[in-house]
Amino acid sequence: MPRASKRKAPPPTSPSLASCDVVSKRAGKGRPRKDVDKIDSLFESYANQSLNMIDPTGIEALCSDLKVDHTDVRILMLAWKMRAAKQGYFSKDEWQRGLKDLHADTIPKLKKALPGLEKELTTASKFEDFYAFAFQYCLTEERQKSVDIETVCELLNLVLGPRYQLQVDLLIKYLKVQIEYRALNMDQWMHFYRFCNEISFPDLKNYDSDQAWPVIFDNFVEWVRDKQS
């Protein structure tokens, strides 16, 4: 039988060098392990252990530590930053995503990051994304497509009010007295922002019903003009 050829064995790898290589690769990817561990520890301090999520009770505790009311728009901004999928809950992945992006691994750092979130949303594209998220975040039931009028009014005041208070006040008054709609869908919601952003107010001179506005806006403009006449 032919003799098998002998191959030289690769030089032995030092266990310490191998472990250092693994550590260096991990450290080079994203934030240092130490910071990730701190973010995880912070998550655990608020999480419902049986759900492995921060639930409404945990969010209330978080708000208390941040000294921010749970109805404050900055909490909604924080949920947007995390891309939270379920209202009133933060998963561990969502928590990690948001806090890594905010470079916050302690409550003081997170509190300090909140004004930066507000500043970030002064960019038109970011604000529009946040505005869309705010509506989607209120879709709490499976296959839900619309949000009730009362919630829409609260959300308009919270999200659009600081920018377009005059328009929002009148929109809310109209929504509360009209009887045609009990809930609004995403398309109608997005058009509220477009309306506030594009239409001259309060004269409404550049409003054109032929520009494919949802019917609710034709009705609203007619209602406003009747009040002005």
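Analyst: H7 spans residues 124–137 and H8 residues 149–159; helices (H or I, at least four residues) and strands (E, at least two) are DSSP runs, numbered from the N terminus. The model is a predicted one, in which local features need pLDDT of at least 70 and side-chain atom pairs count only at pLDDT 80 or more, while totals for chains, interfaces and linings use all residues. Residues are numbered from 1 along each chain as its sequence is written, and side-chain values use heavy atoms, with hydrogens and water left out.

The axes of H7 and H8 come within 11 Å and cross at roughly 155 degrees; axes are lines fitted to C-alpha atoms, for helices over the stretch in contact, and angles run from 0 to 180 degrees between N-to-C directions. H7 and H8 are therefore roughly antiparallel to each other (over 145 degrees; under 35 is roughly parallel, 65 to 115 roughly perpendicular and the rest oblique). On the H7 side, Phe-127, Phe-130, Tyr-131, Ala-134 and Phe-135 meet Leu-155, Leu-156 and Val-159 of H8. The residues of this contact comprise eight nonpolar, no polar and no charged (Ala, Val, Leu, Ile, Met, Phe, Trp, Tyr, Cys and Pro count as nonpolar, Asp, Glu, Lys and Arg as charged, and the others, Gly among them, as polar).

H7 also packs with helix H4 (residues 73–82), at an angle of about 95 degrees and with the axes 10 Å apart. H4 is therefore roughly perpendicular to H7. H4 contributes Val-73, Leu-76, Met-77, Ala-79 and Trp-80, while H7 contributes Lys-126, Asp-129, Phe-130, Phe-133, Ala-134 and Tyr-137; contact means heavy atoms within 4.5 Å. Nine nonpolar, no polar and two charged residues make up this second contact. Phe-130 and Ala-134 of H7 take part in the contact with H8 and in the contact with H4.

Leu-184 lies in E4 (residues 183–185) and is in contact with Phe-135, Lys-145, Ser-146, Val-147, Ile-149, Val-152, Leu-175, Phe-192 and Ile-216, leaving aside neighbours within four places in sequence. The C-alpha atoms of Leu-184 and Ser-146 are separated by 5.1 Å, although the two residues are 38 apart along the chain. Leu-184 is buried, with a relative accessible area of 1% (buried is under 20%, exposed over 50%, partly exposed in between, with a 1.4 Å probe and protein chains only).

Among contacts with a separation of 6 or more, 63% join residues 24 or more positions apart. The average pLDDT (the predictor's confidence in each residue, from 0 to 100) is 88, and 85% of the residues score at least 70. Over residues 1–29, however, pLDDT stays under 50, and the model has one contact beyond four places in sequence for that stretch. Where pLDDT is low, the predicted coordinates should not be read in detail.
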